[in-house]
Amino acid sequence: MKRQILIASISVIALTICTAIFADEHALRVPKGLAFSEFHGFENWSVIAISQNNGKIAAILGNPVIMAAYRSGIPGNGKPFPSGSKMAKIHWTPKTQQLEPGNRRAGSPA
C-alpha cells in the first residue's frame, strides 16, 4: 500500500513538472519528427512509467485510449492496440536545487 501511494505521488509530481516545463508545448518539435501540437492535451494524460537513465529523467505518458487498452489486458491478450492510442516519452536534464542541494528536480528538456 505504501509503495502504491509513493508511486502515485511520484506520478503526480512528474506530471506537474511536465506541465510547468512545457507551458508552450506547441512550439516544441522532435528533431526530424513529431511536434507536441500533435499530442494536444498530453498534460492530462496518465503516467505509465517514470525512469532515470544516463543522467536524464523520463516520464512515459498515455492518452485515455491506450490506458483503457492496458486495463483491458492489451498487449498480453494478443489483441492490437486500438486506433487513437498514443504515448509520449518526455526527457529532462535534472538540476540540483540551490536551497536544497540533496534534492534534484527536472530542469531543461533533453
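Reply: Ile-48, Tyr-70, Phe-81 and Met-87 form a nonpolar patch on the surface. Patch residues have over 30% relative accessible area and no salt bridge; like charges are joined within 9 Å, nonpolar side chains (Val, Leu, Ile, Met, Phe, Trp, Tyr) within 5 Å. A salt bridge here is a side-chain nitrogen of Lys or Arg within 4 Å of a carboxyl oxygen of Asp or Glu. Areas come from the Shrake-Rupley method with a 1.4 Å probe, and for residues only the protein chains shown count as cover.

The model is predicted: local features need pLDDT of at least 70, side-chain atom pairs count only at pLDDT 80 or more, and totals for chains, interfaces and linings use all residues. Residues are numbered from 1 along each chain as its sequence is written, and side-chain values use heavy atoms, without hydrogens and water.

Take Met-87. It lies in strand 3, residues 87-96. Its relative accessible area is 41%, so Met-87 is partly exposed. The classes are buried under 20%, exposed over 50% and partly exposed in between (1.4 Å probe, protein chains only).

The largest nonpolar core has 10 residues, among them Phe-36, Trp-45, Leu-61, Ala-88, Ile-90 and Trp-92. Strand 2 (56-62) and strand 3 are the elements that give two or more residues to this core. Strand 3 gives the largest share, three residues. Such a core is a set of buried Ala, Val, Leu, Ile, Met, Phe, Trp, Tyr and Cys residues joined through side-chain atoms within 4.5 Å.

Next, Asn-63. It sits in the loop between strand 2 and helix 2 (64-71). Asn-63 is buried because its relative accessibility is 7%. Its side chain reaches the backbone oxygen of Gly-84 at 2.7 Å. Beyond neighbours within four places in sequence, Asn-63 is in contact (heavy atoms within 4.5 Å) with Trp-45, Gly-84, Ser-85 and Lys-86.

Ala-68 is in helix 2. At 41% relative accessibility, Ala-68 is partly exposed. Its C-alpha is 9.6 Å from that of Pro-82, 14 residues away in sequence.

Now the whole chain. It has two helices and four strands, in the order α-β-β-α-β-β from the N terminus. Helices (H or I, at least four residues) and strands (E, at least two) are DSSP runs, numbered from the N terminus. Of the 110 residues, 26% count as buried. The chain exposes about 7600 Å², and carbon and sulfur atoms supply 59% of that.

Definitions and conventions:
Polar contact = N/O pair within 3.5 Å; in protein donor to acceptor, adjacent residues only side chain to side chain.
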